[in-house]
Amino acid sequence: MSLNHVRPWRNIYRRKSRQIMVGNVPVGGDAPITVQTMTNTVTTDIKGTIAQIQAAAEAGADIVRVSVPDEASSKALKEIVRESPVPIVADIHFHYRRGIEAAEAGAACLRINPGNIGSADRVREVIAAARDHNCSIRIGVNAGSLEKHLLEKYGEPCPEAMVESGLEHIRILQDNDFHEFKISVKASDVFLAAAAYQGIAEATDAPIHLGITEAGGLMTGTIKSAIGLGNLLWMGIGDTIRVSLSADPVEEVKVGYEILKSLGLRHRGVNIISCPSCARQGFDVIKTVEALEKRLEHIKTPMSLSIIGCVVNGPGEALMTDVGFTGGGAGSGMVYLAGKASHKMSNDAMVDHIVEQVEKKAAEIDAAEAAKAAE
């Protein structure tokens, strides 16, 4: 929940949903909105897949999904799950045996559409395996793979068809007395996805997995996801998110966190506030920010840093940040600490100095949090 009693126009009231567990990670209810990604390695490349999962976890991923298209992948999944630092979701499409094997291999969640994996008996077998192995399920509705009868009924993928598909799959699980599920209704069209998510949010109390599917490359996919997911999150819809990019999974995690950070829904790492630069800048803002983003990737502590090229907005922005630097003249600028002007620093030494100040502040914040927790 993002609540601000001083600035109520910043408040976000999250939709009330049931809470389920994906391994040891709670999803829904009052749990923090989790960030997911998916590996793009060949699953049978166990070493490569584990390395990608570990990199995603280091970047902040709470949950990672792995595709399980064949029996060899099911066998590899057991070792992958054992080595993974975060819960693993097994991506299952049509073969019910893969779902059973993934549950037995230790997957924390199965991504399936119950209606796509065969007869009622086969569905019951998958559900039984999920129940026996404490495995939750994500119903994954996608505009690109809607059931034939729904396309015939509605003529094309539309929000109503996607919601109806989701509810049909939910009924299958509920008829088998299985309730540890979440749901997604993804589309590559931002408008279609947003409308479908609003519809499913009204129709069920299940936790919702947000995503704009096949969003595109790093730039276009980030923009589409920020618009689609950002608006839904602002409305209070969404319990876990995955940003789908044709890019390194680590980039998906970074974008997901930035979306949540911009709405005050999750806080991790340094939030850099910087100007676009202009002729007034007292130093090279763009190169400085690029350097700082790389140098500060290791900081997990939530904190803020302002990097402003001149004194027009610099002091004002610095008032609101933990550490700040404002360009002045004659090859130097002003360093701000906790919103107050502290000391001057030369442009040549500013990057190293800012990194030191951020690391020092992060250590202070961590120590204060530890002391508070120990009380």
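Mentor: Happy to! Keep in mind that this is a predicted model.

Trainee: Why does Ile-223 count as partly exposed?

Mentor: Its relative accessibility is 44%. Buried means under 20% and exposed means over 50%, with partly exposed in between, so Ile-223 at 44% is partly exposed. You will find Ile-223 in helix α8, which covers residues 218-234.

Trainee: What makes the nonpolar surface patch that includes Ile-223?

Mentor: Ile-223 makes the patch with Met-219 and Ile-227, and the patch has about 310 Å². Patch residues need over 30% relative accessible area, and Ile-223 has 44%.

Trainee: Ser-225 is in helix α8 too. Is Ser-225 buried or exposed, and how do you know?

Mentor: Its relative accessibility is 0%. The cut-off for buried is under 20%, so Ser-225 counts as buried.

Trainee: What does Ser-225 contact, leaving aside neighbours within four places in sequence?

Mentor: Ser-225 is in contact with Ile-212, Ala-215, Gly-230, Val-243 and Ile-259.

Trainee: How do you know that the side chain of Ser-225 makes a polar contact with the backbone oxygen of Gly-221?

Mentor: The side chain of Ser-225 reaches that oxygen at 2.8 Å. The limit for a polar contact is 3.5 Å, so this pair is within the limit.

Trainee: And why is Ile-273 called partly exposed?

Mentor: Ile-273, in strand β11, has a relative accessible area of 27%. That value falls between 20% and 50%, so Ile-273 is partly exposed.

Technical notes: Residues numbered from 1 in each chain as written. Predicted model: local features only at pLDDT ≥ 70, side-chain atom pairs only at ≥ 80, totals over all residues. Heavy atoms only, no water. Patch = residues over 30% accessible without salt bridge, like charges linked within 9 Å, V, L, I, M, F, W, Y side chains within 5 Å. Areas by Shrake-Rupley, 256 points an atom, 1.4 Å probe, with all protein chains shown as cover. Salt bridge = Lys/Arg side-chain N within 4 Å of Asp/Glu carboxyl O. Helix = DSSP H or I, 4+ residues; strand = E, 2+ residues; numbered from the N terminus. Buried < 20%, exposed > 50% of the residue type's maximum accessible area, 1.4 Å probe, protein only. Polar contact = N/O pair within 3.5 Å; in protein donor to acceptor, adjacent residues only side chain to side chain. Contact = heavy atoms within 4.5 Å.
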